[in-house]
Amino acid sequence: MTLSQRYFATLYDSLHVKVEGRLVAYRQLTAGRAIGDVLEIGAGSGANLPYYTGVKRLTLIEPNPFMSKRLRHRLTNFPLEATIFEEAGEVLPFPEASFDSVVTTLVLCMVEDLETVLSEVRRVLKCGGSFFFYEHVGSEGWMRRRLERVVNPAWRFLTTGCNLNRDIAGAIRKAGFAEVEVNAFDLSVGIPWTLPNIVGVAKGRSANSPRST
């Protein structure tokens, strides 16, 4: 437990409410499309919970203990079976092919090892299952990329690990999924410039497809 984790958990909900109305469509395209046994990595304080309408069972990964405390409170009146694990996404405590759907929203920017997390997502996803993701990503323009590199260390400290300049779409495409669909767009969050975002889905490999390492 660190002071920055406590700080981030305390401020997250109050800051997030200012932009939540702009994110509804993307939560519907991710959590809203998840079915069956569902795993969400980086569940935070539970912003996606209202969108899980086609879910049989929900498993939530949230390593920040202050966030998971808020998440447990929010689950008090949640109508579905849900379990929280305070684990890191790099080492998921589940067997291969455990979940029909895996969801991440605005979390792959924060994980320590993006490639390892994506490998774990692919490992625990059932054959033909779906990985739904909504993330902010690094800019393509060279001036914005340069600015993001300069600002990123301070930004990481203030947000307990968020990176402004990750090529998350590229990492997902290289992670060995059977199919990857990515839609890129710029999102205004009330600041003088827009932020590049992606939303999409990656499919788990079929039973007779080789797994990449």
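# A tour of the predicted model

A search of the whole structure finds 7 aromatic pairs.

**Stop 1: Tyr 26 and Phe 185.** Select these two residues and show their side chains. The ring centres are 4.6 Å apart and the planes stand at 15°, so the pair counts as stacked. Tyr 26 belongs to helix H2 (residues 20-28) and Phe 185 to strand E6 (residues 179-187); the pair links distant parts of the chain, 159 residues apart. Are these two residues buried or exposed? Tyr 26 and Phe 185 are both buried.

**Stop 2: Phe 94 and Phe 99.** A pair of aromatic rings is described by the distance of the centres and the angle of the planes. Tyr 26 and Phe 185, as noted, are both buried. Phe 94 and Phe 99 make an edge-to-face aromatic pair, at 5.1 Å centre to centre with 85° between the planes. Phe 94 and Phe 99 are buried too.

**Stop 3: the whole chain.** Zoom out and switch to a cartoon view. The chain has 6 helices and 7 strands. Starting at the N terminus, the order of elements is α-α-β-β-α-β-β-α-β-α-α-β-β. Of the 213 residues in the chain, 49% are buried. Among contacts with a separation of 6 or more, 68% are between residues 24 or more positions apart. Switch to a surface view: the accessible surface of the chain comes to about 11100 Å², and carbon and sulfur atoms account for 56% of that.

**Stop 4: Ser 101.** Select Ser 101, which is found in strand E4. At 1% relative accessibility, Ser 101 counts as buried, because the cut-off for that class is under 20%.

**Stop 5: Asp 37 and Arg 57.** The structure holds 4 salt bridges. In one of them, the side chains of Arg 57 and Asp 37 meet at 2.9 Å, N to O. This pair links distant parts of the chain, with Arg 57 in strand E2 (residues 54-61) and Asp 37 in strand E1 (residues 35-41), 20 residues apart. Asp 37 is buried, with a relative accessible area of 10%, whereas Arg 57 is partly exposed at 30%.

**Stop 6: helix H3.** Select residues 65-74. Pro 65, Phe 66, Met 67, Ser 68 and Leu 71 of helix H3 are buried. At the start of H3, look at Asn 64: one of its side-chain oxygens reaches to within 2.9 Å of the backbone nitrogen of Phe 66. Then move along the helix to Arg 72. What does Arg 72 form with Glu 86? The two residues form a salt bridge, with the closest N and O atoms 3.2 Å apart. Arg 72 lies in helix H3 and Glu 86 in the loop between strand E3 (82-85) and strand E4 (99-105), so the pair ties together parts 14 residues apart in sequence. Arg 72 is partly exposed, with a relative accessible area of 42%, and Glu 86 is partly exposed as well, at 41%.

**Stop 7: helix H4.** Select Glu 120 and Arg 123. Their side chains meet in a salt bridge at 2.7 Å, N to O. Arg 123 and Glu 120 are 3 residues apart in helix H4 (residues 114-124), so about one helical turn separates them. Arg 123 counts as buried at 19% relative accessibility, and Glu 120 counts as buried at 11%.

**Stop 8: a surface patch.** Finish with the surface view and select Leu 147, Val 150 and Val 151. These residues form a nonpolar patch on the surface, with about 260 Å² of accessible area together. Val 150 lies in helix H5 (residues 142-158). Is Val 150 buried or exposed? Val 150 is exposed, with a relative accessible area of 63%.

Conventions
Residues numbered from 1 in each chain as written. Predicted model: local features only at pLDDT ≥ 70, side-chain atom pairs only at ≥ 80, totals over all residues. Heavy atoms only, no water. Buried < 20%, exposed > 50% of the residue type's maximum accessible area, 1.4 Å probe, protein only. Helix = DSSP H or I, 4+ residues; strand = E, 2+ residues; numbered from the N terminus. Polar contact = N/O pair within 3.5 Å; in protein donor to acceptor, adjacent residues only side chain to side chain. Patch = residues over 30% accessible without salt bridge, like charges linked within 9 Å, V, L, I, M, F, W, Y side chains within 5 Å. Areas by Shrake-Rupley, 256 points an atom, 1.4 Å probe, with all protein chains shown as cover. Contact = heavy atoms within 4.5 Å. Phe/Tyr/Trp six-rings, centres within 6.5 Å; stacked < 30°, edge-to-face > 60°.
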